[in-house]
Amino acid sequence: MKTILGIDVGASGVKGALVDVKHGKLVGERFRVPTPKPATPSAVAGAAAEIIDFFNYQGTVGCGFPAIVKNGVACSAANIDPSWIGTNIETTFGQIPGIRVLATNDADAAGIAEMRYGAGKGEHGLVFLITIGTGLGTALFYKDQLVPNTELGHLIWKNNKPVEAYCSSGARERLKISRKEWAGRFNEYLLHLERLFSPDLFILGGGESKFFDVYKELLTPQARIIPAQLLNNAGIIGAAAFAAENE
Ligand code: BGC
């Protein structure tokens, strides 16, 4: 069995687990370290090192990171410390002997996991995975190929703000609106994406996907809409799968 350590860097926690990359399953428990505040590169590298140490791991590590990631470098910082911009995630986390880190956007990682092993398995058309959490992350697939770093949570929306400020889970909490009102807003966003991309399928992931049954009737795009299957583990599993495919 080939196992790779997957690490998912989130706004509140840095989580890791060993992943069986053939089957897309966790091997044993997850280990979580609270995201340091401020989440500067050296502080988050410390959290990643704790996870690597916990698993007593050597080898390739996959990392899902909440920013645009190009060739291992963070190129944006919407929900993390701005000092990440221009920082190479792979070399910052990979200072430990015997460790090589491969990094990708967190929503792209979750999308890889759902497409390979979860809700999107066998779907070969145009598929959007949207992670609904502190921000809105998007992963776009066409014929099983990922178009990386789509960042459609940053479409400029009403009031000239990114749409994630309008209908992410973080926005729902900040604005103290009901889940029903939130779903109306999120539906507007889905209709807009549908108008632009004509997807066959939307897969909804992230924290809000747990409540899918509560709001699914309020979503009206023509495309099919289904909840993610790997829930909290998608980011970790997809990070490991990304590393396995790119090592
Ligand atoms: C970031 C994306 C990330 C998403 C989910 C957005 O604010 O710009 O890179 O995928 O949040 O974490």
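Me: How many salt bridges does the structure hold?
Reply: This is a predicted model in which local features need pLDDT of at least 70 and side-chain atom pairs count only at pLDDT 80 or more, while totals for chains, interfaces and linings use all residues. Residues are numbered from 1 along each chain as its sequence is written, and side-chain values use heavy atoms, with hydrogens and water left out. A salt bridge is taken as a side-chain nitrogen of Lys or Arg within 4 Å of a carboxyl oxygen of Asp or Glu. Under that rule, the salt bridges in the structure number nine.

Me: Which residue forms a salt bridge with Arg224?
Reply: Helices (H or I, at least four residues) and strands (E, at least two) are DSSP runs numbered from the N terminus. The closest N and O atoms of the pair are 2.9 Å apart, and the pair links distant parts of the chain, 101 residues apart, with Arg224 in strand S12 (residues 224-227) and its partner in the loop between helix H3 (106-117) and strand S8 (126-132). The partner of Arg224 is Glu123.

Me: Is Glu123 buried or exposed?
Reply: Buried means under 20% relative accessible area, exposed means over 50%, and partly exposed lies in between, with a 1.4 Å probe and protein chains only. Arg224, at 43% relative accessibility, counts as partly exposed. Glu123 has a relative accessible area of 18%, and therefore counts as buried.

Me: What is the area buried between domain 1 and domain 2?
Reply: The contact, meaning heavy atoms within 4.5 Å, takes eight residues from domain 1 and seven residues from domain 2. Buried area is the accessible area (1.4 Å probe) that two parts lose on being put together, summed over both. Carbon and sulfur atoms give 46% of the area between the two domains, which is about 520 Å².

Me: Which three residues supply 59% of the area that domain 1 buries against domain 2?
Reply: Across the interface of domain 1 and domain 2 the rule finds zero salt bridges. The three residues in question supply more of the area buried by domain 1 than any other three, and they are Ile68, Asn79 and Asn105.

Me: Which residue's backbone oxygen lies 2.6 Å from a polar atom of the side chain of Ser209?
Reply: Ser209 is found in the loop between strand S11 (201-205) and helix H7 (212-215), and at 5% relative accessibility Ser209 counts as buried. Leaving aside neighbours within four places in sequence, Ser209 is in contact with Leu204, Tyr215, Pro227 and Leu231. The backbone oxygen at 2.6 Å from the Ser209 side chain belongs to Gly206.

Me: Which residue is joined to Lys37 by a cis peptide bond?
Reply: The omega angle of this bond is about -5°.

Me: What is the relative accessibility of Ile132?
Reply: Ile132 has its place in strand S8. Apart from neighbours within four places in sequence, the residues in contact with Ile132 include Trp182, Phe186, Leu204 and Glu208. Ile132 counts as buried, since its relative accessibility is 0%.

Definitions and conventions: A polar contact is a pair of N or O atoms within 3.5 Å; within protein, one must be able to donate a hydrogen and the other to accept it, and residues adjacent in sequence count only if both atoms are side-chain atoms.
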